Amino acid sequence: MKNIYLDYNQISLSLDSLAEEIKREGFDALVIILRGGSFPGFHLAFLTGLPYYFLTYDRISESADWKGAAPSLKKVLLVEDFAGMGKTLISSREFLTNQGMDVRTLVICKDPKSASVPDYFCFETRENNVRFILPWERFRLNPAESRVSRAENIADHQFERTLWDETLFSFVREGDGIAAGHIDKGEMAISLGFTHVVTVNVEEAILISSQYPELRVAWWDGERRFMIQSKAV
């Protein structure tokens, strides 16, 4: 499975390019599906000036409901992060349509397995062996994440594991990873499902960050940890 990591800046720029078209459509409001639609929804609210309302979705009962009082709206843009294989987007749209609303949908990304076709999207892949990794979903790199119960899945932090430089490992108290020596720490982290890498070599940290953007990379200068984000030019 190949990962396509999307960072906040990429997503923001893509939403920026859609904002004028969305404003011309004459929507009354944005309806944001919690939690996935939060980032694109709030970003669009600032870009368009549209008011926003929230929906919650229960995957067990496959039902949507308002978070707060139900508004009276005619035409809305329903916002979610991903058009997946499930019914979140479909059921939420039906929920709004049944209340007499004209509904359009917007997602950050879609792929060949998407159960519905959104009206607006930022990124698309037509390859079946590719998956998008969103900034708030780095924990999904850990293969253990897909083998646990829904209750365990909610505690996202337990799936964020760190690969430490071997010179730092003796100081680590979290117990959330393993030590690595003079190897490609980025490749090792990805292969093991780790989400963080901490190294004492700043050049190595810069290189790992540019080659594996889905990882959170830090450089430890002996006293402090600096988060590193880089891109080769």
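Me: Let me start with accessibility. What is the relative accessible area of Trp 219, and how does that class the residue?
Reply: Keep in mind that this is a predicted model. Trp 219 has a relative accessible area of 23%. Buried means under 20% and exposed means over 50%, so Trp 219 is partly exposed. Phe 226, at 31%, is partly exposed too.

Me: Now the rings. How many aromatic pairs are there?
Reply: The count is nine aromatic pairs. Trp 219 and Phe 226 form one that is stacked, with 5.3 Å centre to centre and 25 degrees between the planes. Planes under 30 degrees apart count as stacked, which is why the angle matters here.

Me: Which residues form an aromatic cluster?
Reply: Tyr 8, Phe 39 and Trp 136 form one.

Me: Which charged residues sit over rings?
Reply: Take two cases. Lys 75 lies over the face of Phe 27, 5.3 Å from the ring centre. Lys 110 has its charged end over the ring of Phe 121, at 5.0 Å from the centre.

Me: On to the backbone. Where is there a cis peptide bond?
Reply: Look at omega. Leu 34 and Arg 35 are joined by a cis peptide bond, with omega about 5 degrees. Arg 35 is in the loop between β2 (29-33) and α2 (38-48).

Me: What is phi at Glu 62, and where does the residue lie?
Reply: Phi is near 55 degrees, a positive value in a residue other than glycine. Glu 62 lies in the loop between β3 (52-58) and β4 (63-66). Its relative accessibility is 39%, so it counts as partly exposed.

Me: Which residues form a nonpolar patch on the surface?
Reply: Phe 42, Phe 46 and Tyr 52 do, with about 350 Å² of accessible area together. Phe 42 is found in helix α2. At 31% relative accessibility, Phe 42 is partly exposed. Patch members need over 30%, so Phe 42 passes that cut-off.

Me: And the inside? Which residues touch the most other members of the largest nonpolar core?
Reply: First the general idea: in soluble globular proteins, nonpolar side chains tend to be buried together. Here the largest nonpolar core has 19 residues, and Ile 22, Leu 44, Leu 77 and Leu 106 touch the most other members. Two or more residues each come from α1 (8-24), α2, β5 (75-83), β6 (102-110) and β7 (120-124). Helix α1 gives the largest share, four residues.

Notes
Residues numbered from 1 in each chain as written. Predicted model: local features only at pLDDT ≥ 70, side-chain atom pairs only at ≥ 80, totals over all residues. Heavy atoms only, no water. Phe/Tyr/Trp six-rings, centres within 6.5 Å; stacked < 30°, edge-to-face > 60°. Buried < 20%, exposed > 50% of the residue type's maximum accessible area, 1.4 Å probe, protein only. Lys NZ or Arg CZ within 6 Å of the ring centre and 35° of its normal. Patch = residues over 30% accessible without salt bridge, like charges linked within 9 Å, V, L, I, M, F, W, Y side chains within 5 Å. Areas by Shrake-Rupley, 256 points an atom, 1.4 Å probe, with all protein chains shown as cover. Salt bridge = Lys/Arg side-chain N within 4 Å of Asp/Glu carboxyl O. Core = buried A, V, L, I, M, F, W, Y, C linked by side-chain atoms within 4.5 Å.
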